[in-house]
Amino acid sequence: MAPATLHADVLDASMDAVITVDSDGLILRWNAAAVTMFGYTADEVLGHELGATIVPEDLRASHRVGLARFAAGAPAEIVGGRTETVGQRSNGSLFPVELTITRVSEGDSVVFVGFLRDITERQLMLAELRDSRARLMTVSDDTRRRVERDLHDGAQQQLVALAISLSLARQQVEADPTQASATLDQSVAILTSAIDELRDLARGVHSGILTGRGLSAAITHLARRSPIDVTVEVESVGRLPTLVETSVYYLVAEALTNATKYGAKRVWIDLRLDRGDGAGQRLVATITDDGPGGADPSKGTGLAGMTERLHALGGTVEIESGAGIGTKLSIDLPVSLSVVPAPSAALTA
Ligand SMILES: Nc1ncnc2c1ncn2[C@@H]1O[C@H](COP(=O)(O)OP(=O)(O)O)[C@@H](O)[C@H]1O
Ligand SMILES: [Mg+2]
């Protein structure tokens, strides 16, 4: 095989667009990936100026100045390094590219070889990752605020009441021991209630069983301690990524609290792993109650926060709620969190 053919074959096998220009910026070589990426055939561009083809209008002047300066011997920042810029397709659409350039001697002259990669997908994924991180941070801030509010409105108020009750008992202890004894009994009741309150709160924030034994055990435990009747059909799902376990646990806890708080008598929890149809394993769960319906995430913080949390992990929560049908939350969540949700639309097309 002649070296020139070999050379062309190698370049055509590259997944990067590989474009060679001379020191005037005229295109000398244009590989197969460049055809696909920019929409021009080699015949359409060979001998044409690079700046007038794939360089977007507003970057042309600086491209030409840079090339001229560089051809005259000045060092160019982008040669040898990696840079991100914008490319233009034959149909005029723009897209982000990653670019490296090398300077190569060919006979007496110098040519420049550019390697260009379309980074549209990567940028979309990065944007999605950044968004989902921001959403998760919002959720965790909201959770902190909620815990603070619960502590303030609950246990803290009871401890204040306990302090008042104890100092009252102290005043009464000599003058009226019987009354003091009654006040002490009352203090014990307040303390017991504060302990219950803290225990409930801790369970909502974090579950030792969840950390130790995983989601199935933690949900079963949650159901057993619920003041209303809960029927659990929970498959043993084994251990899952911590974020999956905690997010689903919080959501089930919230749904149970809501059911109790808003008048349901019974709850059914169903949880299983869907082995997937090639898209990877998914955790699928429903929490259904026989309450009055009317669940609306825009009317509170619980459902909205939990839903956002699952969305950030690439999952979905569907809420069906109404008079006569009660409330049903359906959760669907990918188990493998290394998969970032695929970008749904191209940046530019
Ligand atoms: N299981 C349910 N049955 C009836 N109404 C519900 C149920 N869950 C939630 N809701 C309604 O939807 C609203 C929002 O719920 P949520 O986001 O959990 O907020 P919160 O419980 O803090 O009020 C609640 O205020 C309530 O009116
Ligand atoms: Mg709630």
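Are Glu254 and Asn258 buried or exposed? Good morning, colleagues. Glu254 is buried, and Asn258 is buried as well; buried means under 20% relative accessible area, exposed over 50%, and partly exposed in between, with a 1.4 Å probe and protein chains only.

The model is predicted, so local features need pLDDT of at least 70 and side-chain atom pairs pLDDT 80 or more, while totals for chains, interfaces and linings use all residues. Residues are numbered from 1 along each chain as its sequence is written, chains are lettered from A and ligands numbered from 1 in the order in which they are written, and side-chain values use heavy atoms, leaving out hydrogens and water.

Helices (H or I, at least four residues) and strands (E, at least two) are DSSP runs, numbered from the N terminus. An α-helix has 3.6 residues a turn, so residues three or four places apart point the same way.

Next comes helix H10, residues 302–312, where 8 of the 11 residues are buried, including Leu303, Met306 and Arg309. The buried residues of H10 pack against H5, H9 and strands E9 and E10, contact meaning heavy atoms within 4.5 Å. Just after H10, Gly314 has a positive phi of about 85 degrees.
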